Amino acid sequence: MDRNQEVALTQMRKSVEKLGSSTEGYGEKTLMRFLIARSMDPEKAAKMFCQWKKWRAEMVPLGYISDSEVADELAAEKLYLQGLSKSGHPIVIVKVNKHFPSKDQVQFKKFVIHLLDKTIASSFNGREIGNEKLIAILDLQNITYSNVDTRGLITGFQFLQLHLISHSFFLQAYYPERLAACYLLHMPQFFVTIWRFICRFLEKATQEKMRIVTSEEEKEEFIREVGEDVLPEEYGGRAKLVLMQDVAVNY
């Protein structure tokens with residue numbers, strides 16, 4: 001960590017205290033995620049951190065969302081945790097053809113929190129470092145219009161980016177600097193227009209982490225970057241699919 005980062009961290013901690021909160025229990029790597037998300041501005045990072053702490057206390061009072069709280073979504077067997085990529089990032093696979101839009105958006109947000117928290121927790125053994133990032137793989141094979149959940153996709157990416165611009169107001173991010181990359185596989189032609197619409201709500205930094213895999217060269221790069229040992233056979237790897245609910249983690 002260089003001198004400028006150390007100064008920014010010190011200033012951020014002081015700003016958090018002025019806002020009536022505390023950074024106690026949170027390491028430098030966690031705080032740095034908020035500073036990076038706010039272009040190293042200590043005051044903006046402190047405000048974002050305090051809002052995040054308040055949100056976590058309200059939405060995740062136990063520190064995690066249990067399987068039983070999102071049992072209906074898990075029963076669809078659409079989420080898979082595959083271990084760590086070559087670069088050490090936990091991998092979550094979503095089979096979109098098993099997903100259908102939720103009528104209860106509060107419950108759906110709990111589900112998104114569950115999948116993000118559990119994916120991140122799968123990368124460490126009971127002790128979070130603070131700078132863990134995940135790789136998401138969205139498998140769009142055999143999807144139909146009934147599987148298309150524009151609001152759900154926007155909600156998911158909302159949590160992972162700095163902020164989402166929608167209807168002239170800003171929705172604060174809750175997982176800044178957590179997305180390493182997102183691969184979209186088997187995208188059907190009808191979904192291209194929908195994806196372009198979704199991208200209008202994503203920041204440039206988030207869009208740059210999206211990888212649409214279509215050509216053989218892109219497939220080879222995808223397999224090389226993620227790793228054959230953890231990719232399921234159907235994606236060119238040697239592993240088996242592992243349901244998220246079958247993976248035990250220590251939060």
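User: Which element gives the largest share of the lining of the largest pocket?
Analyst: That is H3, with four residues. Keep in mind that this is a predicted model.

User: What volume does the largest pocket have?
Analyst: The volume is about 560 Å³. The pocket is lined by 22 residues, and those closest to its centre are Trp 52, Arg 56, Gly 63, Glu 128 and Arg 178.

User: Which elements give two or more residues to the lining?
Analyst: Helix H2 (28-37), helix H3 (42-59) and helix H5 (105-121) do.

User: And how does the lining split by class?
Analyst: Eleven of the lining residues are nonpolar, six are charged and five are polar.

User: Switching to the sheet. What is the strand order?
Analyst: The order is S1-S2-S3-S6-S7, in an open sheet of five strands with mixed pairing.

User: What about S3 and S6, parallel or antiparallel?
Analyst: Parallel: S3 (residues 134-139) and S6 (residues 179-185) pair over six bridges.

User: Which residue in S6 does Asp 139 stand opposite?
Analyst: Leu 185.

User: Back to H5. Which strands does it lie across?
Analyst: H5 lies across S1, strand S2 (90-95) and S3, and runs at about 20° to S1. H5 is also one of the helices that give two or more residues to the pocket lining.

Key:
Residues are numbered from 1 along each chain as its sequence is written. This is a predicted model: local features need pLDDT of at least 70, side-chain atom pairs count only at pLDDT 80 or more; totals for chains, interfaces and linings use all residues. Side-chain values use heavy atoms; hydrogens and water are left out. On a 1 Å grid over the protein atoms alone, a cavity is a set of points where a 1.4 Å probe fits but cannot get out, and a pocket is an open set with protein on both sides within 12 Å along at least five of seven lines; lining residues have an atom within 4 Å of a point. Grid points are joined across faces, edges and corners, and a volume is the space filled by probe spheres set on the points. Ala, Val, Leu, Ile, Met, Phe, Trp, Tyr, Cys and Pro count as nonpolar, Asp, Glu, Lys and Arg as charged, and the others, Gly among them, as polar. Two strands pair if DSSP finds at least two bridges between them. Contact means heavy atoms within 4.5 Å. Axes are lines fitted to C-alpha atoms, for helices over the stretch in contact, and angles run from 0 to 180 degrees between N-to-C directions.
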